[in-house]
Amino acid sequence: MVYEKTKVVVTGAAGRMGRQICMAVLEESNLDLVGAVDVQDTGIDIGLLIGKAPTGIVVERNLSQVIARTRADVLVDFTNPSAVMDNARVAINNGVRPVIGTTGLSDADLDTIHAWCENNNMAAFIAPNFAIGAVLMMQMAKMAAKYFPHVEIIELHHDQKLDAPSGTAMMTAELINRSRAFVPQESVKELEKVKGVRGGNLQGIKVHSVRLPGLLAHQEVMFGGEGETLSIRHDSTSRISFVPGVIMAIQKVKYLKGVVIGLENLME
Ligand code: NAD
């Protein structure tokens, strides 16, 4: 039996997450990094970018060309909200299954990816948070919401993050609303003396987005009940926390059908 490695191309390869993923794919015995695509650092060997020996894979700009040449199986995208859709379209139309970590996709974007997958009999995997602990935090929040319908979400990220609220906060709100029996009305009429000070309203849940240097990716889901509160918190203190989830998704996306959203769907 001929054993074939899964061929992986990374878009956003020169970025903070992209470099981590390239390094992890290079270290994984059944994965083969065949392409690194970015709009910056083009022409530079990806090995040098991640502080290792040259790999022979240089950062290129044109994803279509890379796919045509390498016949990649999986695309991993960690770019930005304005680049990810083009990359996903090129991948799906060319038989490459996308694993998308980029956040900030709208519901319309998700519908579009769904339609592309359906038209091409393809699958795509999307996760707003690839950290295993963050997935557990969301699941626990869903569990708690059944008993504590009063809840606010505080998400905290580094100050370079482009989208707010975070994809994780949006997913958490959705999970909470799937599980809580009723949506509490505000108990008092508030006078917001500073606009926005009570947070944004996400599906009836107040969300507070903190952006500061020194932070990476953190979230606290705070529930209030009669005479008690419950806080469920997750902290990603290093981007390495996202890597095992991404590797899991690369390994499993070939078995998926259609668009699958959320790492919990891949976890045993
Ligand atoms: P970054 O700015 O460090 O990296 C993004 C890279 O994409 C840059 O190198 C940029 O040049 C490149 N890029 C921009 N346009 C491109 C294009 N058209 N084609 C190819 N490359 C292009 O950002 P980052 O911190 O690595 O984060 C990237 C994305 O991943 C963000 O949306 C972030 O929110 C998300 N993220 C998700 C998770 C998760 O678990 N899902 C974890 C961390 C970050």
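This is a predicted model: local features need pLDDT of at least 70, side-chain atom pairs count only at pLDDT 80 or more; totals for chains, interfaces and linings use all residues.

The dialogue below takes up strands, a ligand, backbone geometry and a side-chain contact in turn.

Trainee: How are helices and strands assigned, and what counts as buried or exposed?

Mentor: Helices (H or I, at least four residues) and strands (E, at least two) are DSSP runs, numbered from the N terminus. Buried means under 20% relative accessible area, exposed means over 50%, and partly exposed lies in between, with a 1.4 Å probe and protein chains only. Take strand β1, residues 6-11: five of its six residues are buried, so the strand is largely enclosed by the rest of the structure.

Trainee: Which strands does β1 pair with?

Mentor: Two strands pair if DSSP finds at least two bridges between them. β1 runs parallel to strand β2 (residues 31-37), and six bridges join them; within this pairing, Val10 stands opposite Ala36 of β2. β1 also pairs in the parallel sense with strand β4 (residues 74-77), over four bridges, and here Thr11 has Asp77 of β4 as its bridge partner.

Trainee: What unit do β1, helix α1 and β2 make?

Mentor: A crossover is right-handed if, with the strands pointing away from the viewer, the path from the first strand over the helix to the second runs clockwise. β1, helix α1 (residues 16-27) and β2 make a right-handed β-α-β unit. β5, α5 and β6 also make a right-handed β-α-β unit.

Trainee: How do the side chains of β6 lie?

Mentor: In a regular strand the side chains alternate between the two faces of the sheet. In β6, Ala123 and Phe125 on one side and Ala124 and Ile126 on the other are all buried, and both faces are covered. Strand β5 (residues 97-100) pairs with β6 in the parallel sense over two bridges, with Val99 opposite Phe125. Strand β12 (residues 258-261) pairs with β6 in the parallel sense over four bridges, and Gly258 of β12 stands opposite Ala123.

Trainee: What is the strand order in the open sheet of five strands?

Mentor: The order is β8-β9-β7-β10-β11, with mixed pairing. β8 (200-202) and β11 (228-236) are the edge strands, each pairing on one side only. Within the sheet, strand β7 (residues 150-157) and strand β9 (residues 205-211) run parallel and are joined by six bridges, and Ile154 stands opposite His208 of β9.

Trainee: How many residues surround the ligand, and which are the closest?

Mentor: A residue is near a molecule if one of its heavy atoms lies within 4 Å of it. The ligand is surrounded by 23 residues, the closest being Met17, Asp38, Gln40, Thr103 and Phe130. A backbone N or O atom of Met17 lies 2.8 Å from an oxygen atom of the ligand, and a backbone N or O atom of Ala127 lies 3.0 Å from a nitrogen atom of the ligand.

Trainee: Which residues have a positive phi, and which peptide bond is cis?

Mentor: Most residues other than glycine have a negative phi, and most peptide bonds are trans. Arg71, although not a glycine, has a positive phi of about 50°; its place is in the loop between α3 (63-70) and β4, and Arg71 is exposed, with a relative accessible area of 64%. Asn121 has a positive phi near 50°, lies in the loop between α5 (107-120) and β6 (123-126), and is exposed at 69% relative accessible area. The peptide bond from Ala164 to Pro165 is cis, with omega near 0°, and Pro165 is found in the loop between β7 and α7 (167-179).

Trainee: Is Thr172 buried or exposed, and what does its side chain contact?

Mentor: A polar contact is a pair of N or O atoms within 3.5 Å; within protein, one must be able to donate a hydrogen and the other to accept it, and residues adjacent in sequence count only if both atoms are side-chain atoms. Thr172, in helix α7, counts as buried at 0% relative accessibility. The side chain of Thr172 makes a polar contact of 2.9 Å with the side chain of Gln219.

Methods: Residues are numbered from 1 along each chain as its sequence is written. Side-chain values use heavy atoms; hydrogens and water are left out.
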